[in-house]
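Please work through the exercises below with the sequence and the model open beside you. Try each task before reading its solution.

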Amino acid sequence: DAKYMFWFIGDKDYEAEEPKDADAATFYSAISNIDFRIEGTHPGAICIRAHFAQHGFVSHCHFDLGNGLAGLFDVGNEMEDLTFVGGTYGIVCRMCSPGWPFALLDSVFDGQKKAAVLSGCTGFTGFRLRISNTPQAFGRYLPGVWEKLYLEDCILENISQEAIVSGDTTRVIEQTNLKNIYCKNVSALIRQTLEVTDECYLVEDYVSGYLYSDTAEEQNKQVAKIHTIEELPAQLESDIPPVPPMEQWVSVKQYGVVGDGETDDTQALQKALDAEQVLYFPQGIYRISDTLRMSPD
């Protein structure tokens, strides 16, 4: 019974009774630089339904969820620089289309009522996530479903229940991989599996699942390296270069570039490349007849 502000669909028959989710053949759908706010009391409200595969993305968005259900229902491909404040969940997600992996980067979850992420069968991969002030960081979409969770360079703070709900660890497909996870006030990172009494600690490495080696058959095991630390890092630096400030952008048309699909823009573009650090290309078709050479940076 959820209601969506935006829905990525693949079916173009708008007269159909029900729209169909985007799929592996739906390319290039995206939302970027849009902020969302759910007002009032709407417990089924979700900002975006985003079940898509390759080339789709959601980036640079802020979700003020209030009493809504979630910012995103379903995920796909890659998403980055998202902030989720409030709501019952930040993200609710299941298997991606068509069972391909998903990556979330440089994102923040704060103050969800039940969990930052509710997932199952997703293959959820997170880099530089900050999750705080919520009962769970990663819950399960349905009891007993498997998950392949990989988290790296993340911060977890003030998680009141278990941070990560683990599934049946005897199944080959069930995997949890944690690398450089900074925790504060997280007493039960994984219930009955990885419980730490320190107020502030670093999970340098944690692996749970079937492991292979050069000398032994595969086996289900757990490996953990955990250290006490004094305080959480203030910020985890992203490895994605930021977009330069717009005041630094220079339109290529200032250098005589036409972009009409007929004019040979090679020489004008090379002149722009030689003179400027940040170039902006207005929408157009740019005809190039020879190699363009850029500076190393």
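This is a predicted model: local features need pLDDT of at least 70, side-chain atom pairs count only at pLDDT 80 or more; totals for chains, interfaces and linings use all residues.

**Exercise 1. Describe the chain as a whole: how many helices and strands does the chain have, and what percentage of its residues count as buried?**

Solution. Begin with the elements, which come to 1 helix and 22 strands in the chain. Next take the extent: along the principal axes, the C-alpha atoms fill a box of roughly 65 × 50 × 40 Å. Then turn to burial, where 44% of the 297 residues count as buried. Finally, consider the contacts between residues at least 6 apart in sequence, of which 59% join residues at least 24 apart.

**Exercise 2. Find the pairings of strand 17 and state in which sense, parallel or antiparallel, strand 17 pairs with strand 14 and with strand 18.**

Solution. Start with strand 14 (residues 175–184), which pairs with strand 17 (residues 200–211) in the antiparallel sense over 8 bridges. To locate one of these bridges, go to Tyr182, whose bridge partner in strand 17 is Leu202. Now move on to strand 18 (residues 219–228), with which strand 17 pairs over 10 bridges, again in the antiparallel sense. A position to check here is Leu211, which stands opposite Gln219 of strand 18.

**Exercise 3. Identify the residues with the most contacts inside the largest nonpolar core, and then trace the contacts of Met79.**

Solution. The largest nonpolar core has 50 residues, and those with the most contacts inside it are Ile48, Phe63, Met79, Phe138, Leu156 and Leu189. Strand 13 (residues 148–159) supplies the largest share of this core, namely 5 residues. For Met79, set aside the neighbours within four places in sequence; the residues in contact with Met79 are then Ala50, Phe52, Val58, Leu72, Phe102, Ala103, Leu104 and Leu105.

**Exercise 4. Locate the largest cavity and say which residues line it.**

Solution. First, a search of the whole structure for cavities of 30 Å³ or more finds 1. Its space comes to about 50 Å³. The lining is made up of Ser119, Phe138, Gly139, Arg140, Glu147, Leu149, Ile164, Val165 and Thr176. By element, the largest share of the lining, 3 residues, comes from strand 12 (residues 136–140).

Conventions. Residues are numbered from 1 along each chain as its sequence is written. Side-chain values use heavy atoms; hydrogens and water are left out. Two strands pair if DSSP finds at least two bridges between them. Helices (H or I, at least four residues) and strands (E, at least two) are DSSP runs, numbered from the N terminus. A nonpolar core is a set of buried Ala, Val, Leu, Ile, Met, Phe, Trp, Tyr and Cys residues joined through side-chain atoms within 4.5 Å. Buried means under 20% relative accessible area, exposed over 50%, partly exposed in between (1.4 Å probe, protein chains only). Contact means heavy atoms within 4.5 Å. On a 1 Å grid over the protein atoms alone, a cavity is a set of points where a 1.4 Å probe fits but cannot get out, and a pocket is an open set with protein on both sides within 12 Å along at least five of seven lines; lining residues have an atom within 4 Å of a point. Grid points are joined across faces, edges and corners, and a volume is the space filled by probe spheres set on the points.
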